[in-house]
Amino acid sequence: MIMKRYTPSELLWKIFRRLQNLVSPPQRFLKQCRRIIHVGANDGAERGTYAEHDLTVLWVEALPAVFAKLQENLRAFRDQSAVNALLSDEAGRRYQFNVSSHGGQSSSIYDFGEHKALWPEIEILETVELESTTLARLLEDNQRSIEEFDALILDVQGAELLVLKGAGELLANIRFVQAEAADFDAYSGGCTLEVLSRFLAERGFRIRRKDCFAWKKGVGAYYNVVFERRASASPGS
């Protein structure tokens, strides 16, 4: 078995992250939530964590084949349901959706930019055509009220801004937004951390927590970021 060797700085970073997560787990904000929407569900890996926090969850997954697995994984979780949909900022638009290797976790409507600089082993396996809807339309079609939800979790590989723009009035009722975002162009034409932070700041959100989970010198870093609406910010501000 070949063991990866870390530089001193990489090793210190890994130790710091481990200690930080022990003291304050990244999902700590979930204790303040009741009902969440998770967009980019994949197979629902976080379902156990959500159940431990007694959360009602609406999962959204774009790929039909992955959605079938998600439904199977959610059978034992009565407060968690799923919808098969590709979310964007407009309904009825057709996208060429890139399906990646590694369980499809890097699948996106965007082509890889510098993503392969961090994960060279991940490839695009195929491209499928999918039609989009918006989050606002999806909730309406499924007879779900925007007042139900207080957190929005995005794992959409560069499409974060599009999903948020299509959220409509929902965003004014959301207290927390969690997203994975890079400070470099991981996906060509996709949303970066700077763009995401600016969009949410204009709507009354601030960064509550930012955890780096991947980085490479000369390329940049990937973060798991939790945004919280400022207490002084009125809905829709």
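**Ground rules.** I worked from a predicted model, where local features need pLDDT of at least 70, side-chain atom pairs count only at pLDDT 80 or more, and totals for chains, interfaces and linings use all residues. Residues are numbered from 1 along each chain as its sequence is written, and side-chain values use heavy atoms, with hydrogens and water left out.

**Helix 3.** I looked up which residues of helix 3 (residues 64–73) are buried and found V66, F67, L70 and N73. Buried means under 20% relative accessible area, exposed over 50%, partly exposed in between (1.4 Å probe, protein chains only). Seen down the helix axis, these buried residues fall within an arc of 115 degrees, so they line one face of helix 3. The arc is taken from the directions from the helix axis to the C-beta atoms. I then checked their packing partners, which are helix 2 (47–52), strand 2 (56–61) and strand 3 (80–84). Helices (H or I, at least four residues) and strands (E, at least two) are DSSP runs, numbered from the N terminus.

**Largest pocket.** I noted a volume of about 700 Å³ for the largest pocket. A pocket is an open set of points on a 1 Å grid over the protein atoms alone, with protein on both sides within 12 Å along at least five of seven lines; a cavity is a set where a 1.4 Å probe fits but cannot get out; lining residues have an atom within 4 Å of a point. Volume is the space filled by probe spheres set on the points, which are joined across faces, edges and corners. I found 39 residues lining the pocket, with G104, Q105, S106, D155 and Q157 nearest its centre. Helix 3 gives the largest share of this lining, three residues.

**Largest cavity.** I searched the whole structure and found one cavity of 30 Å³ or more. The largest cavity holds about 60 Å³ of space. Of its 14 lining residues, G158, A186, Y187, C191 and Y222 are the closest to its centre. Strand 8 (residues 176–182) gives the most to the lining, with three residues.

**F184.** I located F184 in the loop between strand 8 and helix 7 (193–201). F184 counts as buried because its relative accessibility is 6%. Leaving aside neighbours within four places in sequence, I listed its contacts (heavy atoms within 4.5 Å) as E114, H115, L118, T192, V219, G220, A221 and Y222. The C-alpha atoms of F184 and H115 are separated by 9.0 Å, with the two residues 69 apart along the chain.
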